Structure formats: C-alpha cells, structure tokens
Amino acid sequence: MADALMDTKRPPARLRSFNPLIRKLTSAGGLTEDDRQALDALCGTSRQVETKQDIISQGDPPSDVHLVLDGFACRYKVLPDGGRQIVAVMVPGDFCDLHVAILGEMDHGITTLSPCTIVDIPVATVQDLTENHRRIARTLWWATLVDEAILREWLVNLGQREAAERLSHFFCEMLMRLQLVGYVDENSYNLPLRQHDLADLLGLTSVHVNRTIQYLRAEGLITLKQYRLTIPDLTRLKAFCNFDPTYLHQRLS
C-alpha cells in the first residue's frame, strides 16, 4: 500500500505559486483563468513520500488518482525472479494513473525514485472536472494521449536503439518534459535516478549503464555530477540518438 511518511498538508508555498500541473496543461492550450483556479484547487493538499516508497502497489484496488507535484516517480512491473522493469517515469505535473480507478486492481506498481510531493485526488473530483470543465477535460485527454505516445517511443527505444542511443534519447526526453514545467536551467536539470534505476528502465545491467555514461561523458555529450545532468550541445546529442520530439506533442494547434 502507499506509504505516506508525513500527514496530509498544504503544499509548500513555492509549489502553490508555481504549479507544474497548470504549466503542463496550459501547453495544450485553451485554459481560462477559472480553469487554472480549478486546477490549483485540485492541489490544495498533499503528502510527502520518501524515496523507494510505493504510492500504490501491484494488486492493490485503485481508489484515488495520484498526481506528482514535485519529485520523480515511476510505473513498474516485477517479474517472478524479482527483476524489475520500469515502464514509465513521472515528473512534476504528471498524473500517475488518471483513469486507473476504472480497473479492479493494479496490474503494476507506482513507486518514488526521489522524495516526492504527492496529491491524492478523489475519483469523483476528476469526474467533476471532466464533466463540468470541457477545456480541462480536453487537456486531461491530451495528457493521457501523450503518455501513450511516450510508451510507444519507449518500446522503440528498447527494441531498436543501442545502449548509448537509448540513454541519450531518455536524457533528451527528460529535458523536454522538465522544461515544459520549468525544471530546466540552460539544458541542465536534476535527474535523481540511480544507475540501477536507469538499468531497469533501459533493459540493461547497471554495469552496462555505467560504461554507457562514461562513454557519453568521454564524447562530451553529457556531464553528470551529483545527479545533475547537463547537455553541453543539445543539437549534437539529439543528432546522436536521432531524437525527434514529435511524440511529446508539446505544441498543439
């Protein structure tokens, strides 16, 4: 079950004045000030969850919808031999499971990769938003479709790209997703994933991930120090891994 380490409370003032959910959904276009106020009210209370704690576990009956307001979380599957495959990474502004309450039980788990600020949203509240706020409903639909597009691209990444390209592609994707919600500073961002997290995400061993990081560093494609990733030449890194950002759909007509 989800493991909340602190009581429900108001989110920090920084998050109330800089709401990543509003920033993300605004990119889909068409939100009014009233829509933004409704989304801000959605984040009225939150809880802090430490690293490596399940927000919801595989087999649990889903209830609330979970929103990452700060930090990194992931969707994962555990194999019979204990191996883990990360199938999605959630960053600030991402819903973990917007429509999962329709299902009878979780077929995957959601856990934190760093300390997180999580908002638990009753299903009835989400239903009210979708039924009575048509512009918000459209942006939530957009967010769900983007999640599906990211999953398709991850399948291509795992099946068709070499290790250095896989990792570079992931770094480019994280840059764009975090840039959308204001967590990037001059092509540099915090990436609090350990090597074993990257291994579980990319279908590699931790040793292979370490060697790949060293290769990208040696080639001058990245710097990575104390979980801070910097891309010195974004155009070059994109060309190296053939990164096409179309699947992120960050500009809608």
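Contact here means heavy atoms within 4.5 Å. The model described is a predicted one.

**Overall fold**

The chain contains 9 helices and 10 strands. Its radius of gyration is 18 Å, close to the 18 Å that the globule rule gives for 253 residues, so the chain is as compact as a globular protein of that length. Of the contacts with a separation of 6 or more, 74% are between residues 24 or more positions apart. The table lists further values for the chain.

| Property of the chain | Value |
|---|---|
| Span of the C-alpha trace along the principal axes | about 50 × 45 × 30 Å |
| Residues that count as buried | 49% of 253 residues |
| Distance between the mean positions of the 27 positive and 32 negative charges | 6 Å |

**Helix α3**

Helix α3 covers residues 33-42, and its buried residues are D35, A38, L39 and L42. These residues lie on the same side of α3, because the arc they cover around the axis is only 95°. An α-helix has 3.6 residues a turn, so residues three or four places apart point the same way. On the face turned away from the buried side, α3 carries the exposed residues D34 and A41.

Which elements cover the buried residues of α3? The cover includes the helices α2 (20-26), α4 (123-132) and α5 (134-160), together with the strand β7 (116-121).

Note on methods
Residues are numbered from 1 along each chain as its sequence is written. This is a predicted model: local features need pLDDT of at least 70, side-chain atom pairs count only at pLDDT 80 or more; totals for chains, interfaces and linings use all residues. Side-chain values use heavy atoms; hydrogens and water are left out. Helices (H or I, at least four residues) and strands (E, at least two) are DSSP runs, numbered from the N terminus. The radius of gyration is taken over C-alpha atoms; the globule rule is 2.2 Å times the number of residues to the power 0.38. Buried means under 20% relative accessible area, exposed over 50%, partly exposed in between (1.4 Å probe, protein chains only). Lys and Arg count as positive and Asp and Glu as negative; His and the chain ends are not counted. The place of a charge is taken as NZ of Lys, CZ of Arg, CG of Asp or CD of Glu. The arc is that of the directions from the helix axis to the C-beta atoms.
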